[in-house]
Amino acid sequence: VVSGRLHLGGAWPRDLLLSGELVVDRLRYARDLDLEKMLLDFRQRVRQPPRPDEEEWLRLDVHLIGGDDMRVDNNLLRARLQFVAPPGTRRGRLELVGTNVRIGLLGAVEVLAGIAYFRGNEYRVTHGVVEFDDRTAIDPHFDFTADTSIREYRVVARAWGRLGDEGMEGFQLELASEPTLAQADILTLLTFGITSRDLERGGSAFTGAGVAAEALLTASGLD
């Protein structure tokens with residue numbers, strides 16, 4: 001639910017400006033998502049160049065003011081959202097900029113009091129920011145920290161990077177645990193619920209899980 005005013009002006013039909021301010025009074029995003037498919041589709045859209053026959057006839061300068069009732073509630077995340085206030089302002093906002101061909105977004109969104117769900121585990125989001133800094137594309141940088149408890153271990157995971165980057169070049173993952181485990185052990189603990197010590201003690205009972213764990217470690221690049 002949004003309210004506000006927009007103004008369309010300029011020289012018709014090739015040099016128009018859409019400007020104004022909209023207040024996001026209420027926002028709910030409840031659609032379930034397939035994370036891998038979402039990232040693949042997003043990266044394809046970011047890398048796809050404009051068509052040669054597309055003309056830029058509309059410029060954008062729209063401020064989106066964040067309200068107090070913005071939430072995500074789906075299969076990946078349940079959290080309140082807040083637009084971050086730029087320096088010198090009192091209210092959080094995003095800026096919709098660019099043109100009809102190259103739409104950009106500026107500003108940042110903070111995740112508050114969030115619970116994330118990934119591969120059967122529930123994580124408490126302790127820090128989450130998505131920052132938009134491109135005037136010609138919507139390709140945000142993200143930085144999330146979350147923790148979860150599995151068996152006797154508390155695991156803290158931090159992920160950061162840019163959504164539009166391909167593969168692991170723009171995506172970083174850092175894992176830590178209490179009691180301390182190696183990064184590779186934390187990954188197998190999160191994915192299969194076991195560690196290398198379990199494999200050593202379990203013998204043939206963990207053979208299948210051990211093979212799967214080795215394949216996962218090879219694919220992830222963690223040692």
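Okay, let's start with Arg93 and His63: their side chains make a polar contact at 3.3 Å. By polar contact I mean a pair of N or O atoms within 3.5 Å, where, within protein, one must be able to donate a hydrogen and the other to accept it, and residues adjacent in sequence count only if both atoms are side-chain atoms. Keep in mind that this is a predicted model, so to speak of a local feature we need pLDDT of at least 70, and side-chain atom pairs count only at pLDDT 80 or more, while totals for chains, interfaces and linings use all residues. Side-chain values use heavy atoms, with hydrogens and water left out, and residues are numbered from 1 along each chain as its sequence is written.

So where does Arg93 sit? You'll find Arg93 in strand 7, residues 93-98. Helices (H or I, at least four residues) and strands (E, at least two) are DSSP runs here, numbered from the N terminus. Arg93 counts as buried because its relative accessible area is 18%; the cut-offs are under 20% for buried, over 50% for exposed, and partly exposed in between, with a 1.4 Å probe and protein chains only. Beyond its neighbours within four places in sequence, Arg93 is in contact with Glu21, His63, Leu64, Ile65, Phe83, Val84, Pro86 and Gly107, where contact means heavy atoms within 4.5 Å. Also, Leu22 is 71 residues away along the chain, yet the two C-alpha atoms are separated by 9.6 Å.

Zooming out for a second. The chain has four helices and twelve strands, and buried residues make up 35% of its 223 residues. Of the contacts with a separation of 6 or more, 53% come from residues 24 or more positions apart.

Now the helices. Helix 1 has 13 residues and reaches 18 Å from first C-alpha to last, close to the 18 Å expected; that expected span is 1.5 Å times one less than the number of residues. At the N-terminal end, Asp34 caps helix 1, with a side-chain oxygen 3.2 Å from the backbone nitrogen of Glu36. Is helix 2 enclosed or exposed? Seven of its ten residues are buried, so helix 2 is largely enclosed by the rest of the structure. Among the buried ones are Ile186, Leu187 and Leu190.

Most residues other than glycine have a negative phi, and most peptide bonds are trans. Against that, Arg119 has a positive phi of about 50°, in the loop between strand 8 and strand 9. Arg151 has a positive phi too, near 55°, and lies in the loop between strand 10 and strand 11. At 45% relative accessibility, Arg151 is partly exposed. As for cis peptide bonds, Trp12 to Pro13 has omega near 5°, and Glu178 to Pro179 has omega near -10°. Pro13 is in the loop between strand 1 and strand 2; Pro179 is in the loop between strand 12 and helix 2.

Last item, the second largest pocket. It's lined by 13 residues, with Arg45, Val46, Gln48, Val101 and Ala137 nearest its centre. Helix 1, residues 35-47, gives the most to that lining, with three residues. For the pocket definition: on a 1 Å grid over the protein atoms alone, it's an open set of points where a 1.4 Å probe fits, with protein on both sides within 12 Å along at least five of seven lines, and lining residues have an atom within 4 Å of a point.
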